[in-house]
Amino acid sequence: MDLKVKNKCAIVTGASRGVGKGIALALAKEGAYVVINYNKSEESCKEVVNEIVKNGGRALAVKADLANPQDCVKLINAAEKEFGCVDILINNAGIWLKNWIQDITLDEWKKTMDVNLTSVFLTSQAFIKKNILQKRNGKILNITSQAAFHGATTGHAHYAASKAGVVALTVSMAREMARYGINVNAVALGMVKTDMVSKALENNEDYYINRIPIGRVATPDDIGKIVMFMVSEAADYITGATIDATGGMLMR
Ligand code: NDP
């Protein structure tokens, strides 16, 4: 099936490693121009860009700390400057701070909300403003978590709250943006083998595997393919949905 993302410009936040990298590589494979956002991992971001370019694709690395509101807007502007427009925005960057509810500090709470939720609002708003002005259709895809529905089980209440916020924001944006031809959806992840959860998996693998009916943790490549479908023309009739890509960890 032709997914029709060839020559479209896609921004992936937090694409220097992990799930974001998997999504960026999947998009590039289908011929999209990809903006690879990073904050701290400059070297590994360059490697992602080089891999795409080596395979004949186009990619641009953009440093932006999404905890900073100006950087959220800067990212969208940088993509437009390079590629002329932005068709797809994938809000993937996230942090998973661990602390139990009685010990979570206000700083930890605010940092989690800034990176995981406020940045999704700000990048989406900048994307939407441009696309409405240019009368262009678009796709926004937000990465959330099974914890948005289930709550945290291992000391991440602030994270679960931020990801539940992403789900509600996705639905509200989808409703408002449908008339402009902008689809807004989310993909909820369960466990994906990345740096974010490597310690948790090392210490407690059985606990997680036992909660996954499919019997294995996902790879970034698994998620890349699912996201690819969600931002393609094949999913034009889906908006306001959260697709659960959890190997059955979340069934609702
Ligand atoms: P990783 O920790 O492996 O990677 C996180 C990515 O986010 C990095 O590219 C990092 O960039 C970027 N990032 C973090 N903070 C910022 C910031 N302030 N500004 C810009 N970029 C930032 O995480 P995953 O790949 O595992 O997670 C990706 C998404 O999937 C997250 O939203 C996460 O919540 C969600 N998720 C993951 C699950 C899992 O099991 N892995 C489960 C459920 C949801 P850099 O290194 O350059 O700073």
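Me: Which residues is Gln134 in contact with, leaving aside its neighbours within four places in sequence?
Reply: Gln134 is in contact with Glu80 and Cys85 once those neighbours are left aside. Contact here means heavy atoms within 4.5 Å. This is a predicted model, in which local features need pLDDT of at least 70 and side-chain atom pairs count only at pLDDT 80 or more, while totals for chains, interfaces and linings use all residues. Residues are numbered from 1 along each chain as its sequence is written, and side-chain values use heavy atoms, with hydrogens and water left out.

Me: Why is Gln134 called partly exposed?
Reply: Gln134 has a relative accessible area of 33%. Buried means under 20% relative accessible area, exposed means over 50%, and partly exposed is in between (1.4 Å probe, protein chains only). The value of 33% falls in between, and Gln134 is therefore partly exposed. Gln134 is placed in the loop between α4 (106–133) and β5; helices (H or I, at least four residues) and strands (E, at least two) are DSSP runs numbered from the N terminus. From Gln134 to Asn37 there are 97 residues in sequence and 23 Å in space, C-alpha to C-alpha.

Me: What makes Lys135 exposed?
Reply: Lys135 has a relative accessible area of 78%. This is over 50%, so Lys135 counts as exposed. Lys135 also lies in the loop between α4 and β5, and its phi is near 50°, a positive value in a residue other than glycine.

Me: Why is Asn7 called partly exposed?
Reply: The relative accessible area of Asn7 is 48%. Asn7 is in the segment before β1 and has a positive phi of about 65° although it is not a glycine.

Me: Why does Tyr208 count as buried?
Reply: Tyr208 has 5% relative accessibility, which is under 20%, so Tyr208 counts as buried. Its place is in helix α7 (residues 195–209). Apart from neighbours within four places in sequence, Tyr208 is in contact with Trp96, Thr154, Met191, Ala200, Leu201 and Met249.

Me: How do you know that Ala79 is buried?
Reply: The relative accessible area of Ala79 is 0%. This is under 20%, so Ala79 is buried. Ala79 is found in helix α3 (residues 69–83) and touches Cys9, Ile11, Val35, Gly84, Cys85 and Val86, not counting residues up to four places away in sequence. The C-alpha atoms of Ala79 and Ile36 are separated by 9.5 Å, with the two residues 43 apart along the chain.

Me: Why are α1 and α8 called oblique to each other?
Reply: The axes of α1 (residues 18–29) and α8 (residues 220–230) cross at roughly 55° and come within 8 Å. Axes are lines fitted to C-alpha atoms, for helices over the stretch in contact, and angles run from 0 to 180 degrees between N-to-C directions. Angles under 35 degrees count as roughly parallel, over 145 as roughly antiparallel, 65 to 115 as roughly perpendicular and the rest as oblique. An angle of roughly 55° belongs to the rest, and α1 and α8 are therefore oblique. The contact is made by Gly18, Val19, Gly22, Ile23, Ala26 and Leu27 of α1 and by Pro220, Ile223, Gly224, Val227 and Met228 of α8.

Me: How do you know that α4 and α6 are roughly parallel?
Reply: The axes of α4 and α6 (residues 157–177) come within 9 Å and cross at roughly 15°. This is under 35 degrees, so α4 and α6 are roughly parallel to each other. Among the residues making the contact are Trp109, Phe121 and Ile128 of α4 and Tyr159, Leu169 and Met173 of α6.

Me: What makes up the largest nonpolar core?
Reply: A nonpolar core is a set of buried Ala, Val, Leu, Ile, Met, Phe, Trp, Tyr and Cys residues joined through side-chain atoms within 4.5 Å. The largest has 34 residues, and those with the most contacts inside it are Leu27, Ile36, Ile90 and Val227. Elements that each supply at least two residues of this core include α1, β2 (33–38), β4 (88–91) and α8. Helix α1 gives the most, with six residues. A second, separate core of 29 residues includes Leu75, Ile128, Ile140 and Met173.
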